[in-house]
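User: I have a structure to go through with you. Can you take my questions as they come?
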Amino acid sequence: MSDLVSELKYEHSDITDTLKMVLKLGVNSGEGKRLLFSARSDLLAHLEKEDMRLYPVLWKEAQKNNDLKSTLELYASEMESISKLALEFFDKYEAGGDDEQFATDYKKLFRILIKRIMNEETVLYRKYDELDCQ
C-alpha cells in the first residue's frame, strides 16, 4: 500500500470514528454538535489532499485508460453532489436550527459519507495503488 493511500485511509478512519462518536454522544447534544462542527476542517483538509495528490495521478492515467476515465467521471460527479450537500449542511446548521431536522439531515449525511469512504477505499485507492505510485 502506498504512503498516500495509508494516510488517506487513516484519515478516513478518524473521520468515520468522529461521525460515529457524534451519533453516540447524541446528534443534538451540545457535545455532539461541537465535535461535528470541529470535524469540518478535518474533512475539508482530507478532500483537499485527495484533490491535490490522489486525483491528479488518476486523471493522468485516465488519459490512456477509458475504464478509469469513466470511473473517475462518475466519482467526480458523485463527489460534487456530496460536497454540495455537506457544505449546505454545515452552513445551514452552524448557527443553530431545528433539532429534529438537524438529526434527520445528519443521519442522511452520515450514510452518504460512510458509503463514499467505503467506495473510495475499495475502488479509487486500489486503482491508485495499482499504478505503483509508491
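User: Which residues does Val-22 touch, not counting residues up to four places away in sequence?
Analyst: Val-22 touches Val-27, Gly-32, Leu-35, Leu-36 and Tyr-106; contact means heavy atoms within 4.5 Å. This is a predicted model: local features need pLDDT of at least 70 and side-chain atom pairs count only at pLDDT 80 or more, while totals for chains, interfaces and linings use all residues. Residues are numbered from 1 along each chain as its sequence is written, and side-chain values use heavy atoms, with hydrogens and water left out.

User: Is Val-22 buried or exposed?
Analyst: Val-22 counts as buried because its relative accessibility is 0%. Buried means under 20% relative accessible area, exposed over 50%, and partly exposed in between (1.4 Å probe, protein chains only).

User: Where does Val-22 sit, and how far is Arg-34 from Val-22?
Analyst: Val-22 is in helix 1. Arg-34 is twelve residues from Val-22 in sequence, with 8.9 Å between their C-alpha atoms.

User: What is the secondary structure overall?
Analyst: The protein chain has four helices and zero strands, in the order α-α-α-α along the sequence. Helices (H or I, at least four residues) and strands (E, at least two) are DSSP runs, numbered from the N terminus.

User: How do helix 1 and helix 4 pack?
Analyst: The axes of helix 1 (residues 3–25) and helix 4 (residues 99–130) come within 11 Å and cross at roughly 165°. Axes are lines fitted to C-alpha atoms, for helices over the stretch in contact, and angles run from 0 to 180 degrees between N-to-C directions. The two helices are therefore roughly antiparallel; angles under 35 degrees count as roughly parallel, over 145 as roughly antiparallel, 65 to 115 as roughly perpendicular and the rest as oblique.

User: Which residues meet there?
Analyst: From helix 1, they include Leu-4, Leu-8, Ile-15 and Val-22. On the helix 4 side, Tyr-106, Phe-110, Ile-114 and Tyr-125 are among them. The residues of this contact divide into 14 nonpolar, two polar and six charged. Here Ala, Val, Leu, Ile, Met, Phe, Trp, Tyr, Cys and Pro count as nonpolar, Asp, Glu, Lys and Arg as charged, and the others, Gly among them, as polar.

User: Switching topic. How many salt bridges does the structure hold?
Analyst: The structure holds twelve salt bridges, each a side-chain nitrogen of Lys or Arg within 4 Å of a carboxyl oxygen of Asp or Glu.

User: What does Glu-78 meet in a salt bridge?
Analyst: Glu-78 meets Arg-116, at 2.7 Å from N to O. The pair links distant parts of the chain, with Glu-78 in helix 3 (residues 66–93) and Arg-116 in helix 4, 38 residues apart. Glu-78 counts as partly exposed at 30% relative accessibility, whereas Arg-116 counts as buried at 3%.

User: And where do Glu-88 and Lys-84 lie?
Analyst: Both lie in helix 3, four residues apart, about one turn of the helix. Glu-88 is partly exposed, with a relative accessible area of 42%, and Lys-84 counts as exposed at 52%. Elsewhere, salt bridges that share partners join Glu-7, Glu-11, Lys-49 and Arg-53 into one network.

User: Last one: what box do the C-alpha atoms fill?
Analyst: The box is roughly 50 × 25 × 20 Å, taken along the principal axes. Of the 134 residues in the protein chain, 37% are buried.
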